[in-house]
Amino acid sequence: AVIVREIPPDDPDAAFAVLEAEIDRLRCDSVIVVDYTGGTKSMSSALFLAATAHEGIRLQFMKGARPDLTSVEPGTEKAVELPVHLIGIARDLDTAREFVAVRDYAAASAAVVSAQSCIEKRGGRKGSGAPAAWVRRIELWKRWLKFFDSWDRFDHRGARSLLEQGRDVGSQIGQDLDRNGYGARLEKIALAAGQPSFLLVEDLWLNA
């Protein structure tokens with residue numbers, strides 16, 4: 001199947017948001033290959049990678065009116081700075097995924113908080129240029145990771161409280177956990193208050 005996504009030619013931020021969301025959607029069950037025509041694109045890619053390999057280097061591109069969609073109209077050029085710091089945020093989110101894969105929820109949470117701090121230091125989402133989807137993802141991951149970190153530390157009551165909070169605000173995390181049966185299992189363990197039971201022994205075994 002061929003899927004076509006429209007990408008704005010002169011808006012790197014908007015293009016990045018579309019492309020990153022598509023890659024994130026496909027990466028779970030696909031081998032992704034990014035292919036493009038060579039020439040000046042290869043030169044631009046190399047320059048971009050060289051710039052982002054070092055701290056403190058500003059990256060910009062020249063934008064101008066292109067009524068015929070081929071050449072820039074003389075006199076309309078202006079420099080537009082690219083938010084290079086988004087690469088650091090993306091790496092933090094990728095690091096969080098890696099920690100989740102080995103069930104290290106506390107470390108994953110720290111990576112997510114680092115990404116959020118970078119956005120906040122730059123004046124929130126609009127000031128940082130971060131896609132709105134990233135901000136929503138960070139908020140969801142923070143709640144999700146806090147919940148599983150509590151459960152992983154056998155703080156069943158704390159995890160149950162977080163689950164109930166999620167239900168109260170109608171958040172996605174509460175719905176997802178209930179849909180997967182985690183909610184009902186956790187409530188039974190929490191109500192047992194640490195007393196010996198099959199569910200508690202099973203929980204200890206699964207954790208190990």
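Colleague: Why does Ala108 count as buried?

Modeller: Because its relative accessibility is 0%; buried means under 20% relative accessible area, exposed means over 50% and partly exposed is in between, using a 1.4 Å probe and protein chains only. Bear in mind that this is a predicted model, where local features need pLDDT of at least 70, side-chain atom pairs count only at pLDDT 80 or more, and totals for chains, interfaces and linings use all residues. Residues are numbered from 1 along each chain as its sequence is written, and side-chain values use heavy atoms, with hydrogens and water left out.

Colleague: Which helix is Ala108 in, and which residues is it in contact with?

Modeller: Ala108 is in helix α4; helices here are DSSP runs of H or I with at least four residues, strands are E runs of at least two, and both are numbered from the N terminus. If you skip neighbours within four places in sequence, Ala108 is in contact with Ala96, Phe99, Val100 and Leu145, where contact means heavy atoms within 4.5 Å.

Colleague: OK, confidence. Where is it lowest and where is it highest?

Modeller: Helix α4 (residues 105-121) has the highest mean, 89, and helix α8 (residues 172-179) the lowest, 69. The protein averages a pLDDT of 80, and 94% of the residues score at least 70; pLDDT is the predictor's confidence in each residue, from 0 to 100. Where pLDDT is low, the predicted coordinates should not be read in detail.

Colleague: How many residues line the largest pocket, and which lie nearest its centre?

Modeller: The lining has 48 residues, with Phe16, Leu19, Val34, Ser45 and Phe48 nearest the centre of the largest pocket. Elements giving two or more residues to that lining are α1, α2 (40-52), β1 (59-63), α3 (86-101) and α6 (132-152). The biggest contributor is α1, with 11 residues.

Colleague: How does the lining of the largest pocket divide into nonpolar, polar and charged?

Modeller: 28 nonpolar, 6 polar and 14 charged. Ala, Val, Leu, Ile, Met, Phe, Trp, Tyr, Cys and Pro count as nonpolar, Asp, Glu, Lys and Arg as charged, and the others, Gly among them, as polar.

Colleague: And how much space lies in the second largest pocket?

Modeller: About 490 Å³. It has 16 lining residues, and Arg103, Tyr105, Phe148, Trp151 and Tyr182 are the closest to its centre. Two or more residues each come from α6, α8, α9 (182-191) and α10 (198-207), with the largest share, 4 residues, from α6.

Colleague: Where is Arg103 found?

Modeller: In the loop between α3 and α4. Arg103 counts as exposed because its relative accessibility is 52%. Its phi is near 65°, a positive value in a residue other than glycine. Most residues other than glycine have a negative phi. Phe154 also has a phi near 65°; that residue lies in the loop between α6 and α7 (156-168).

Colleague: Last topic: Glu20. Is it buried or exposed?

Modeller: Buried, at 18% relative accessible area. Glu20 sits in helix α1 (residues 12-26).

Colleague: What does the side chain of Glu20 make a polar contact with?

Modeller: The side chain of Trp134, at 2.8 Å. A polar contact is a pair of N or O atoms within 3.5 Å; within protein, one must be able to donate a hydrogen and the other to accept it, and residues adjacent in sequence count only if both atoms are side-chain atoms. Not counting residues up to four places away in sequence, Glu20 touches Trp134 and Arg137.

Note on methods. 1 Å grid on protein atoms, 1.4 Å probe; cavity = no way out; pocket = protein on both sides within 12 Å on 5 of 7 lines; lining within 4 Å. Points joined across faces, edges and corners; volume = space filled by probe spheres on them.
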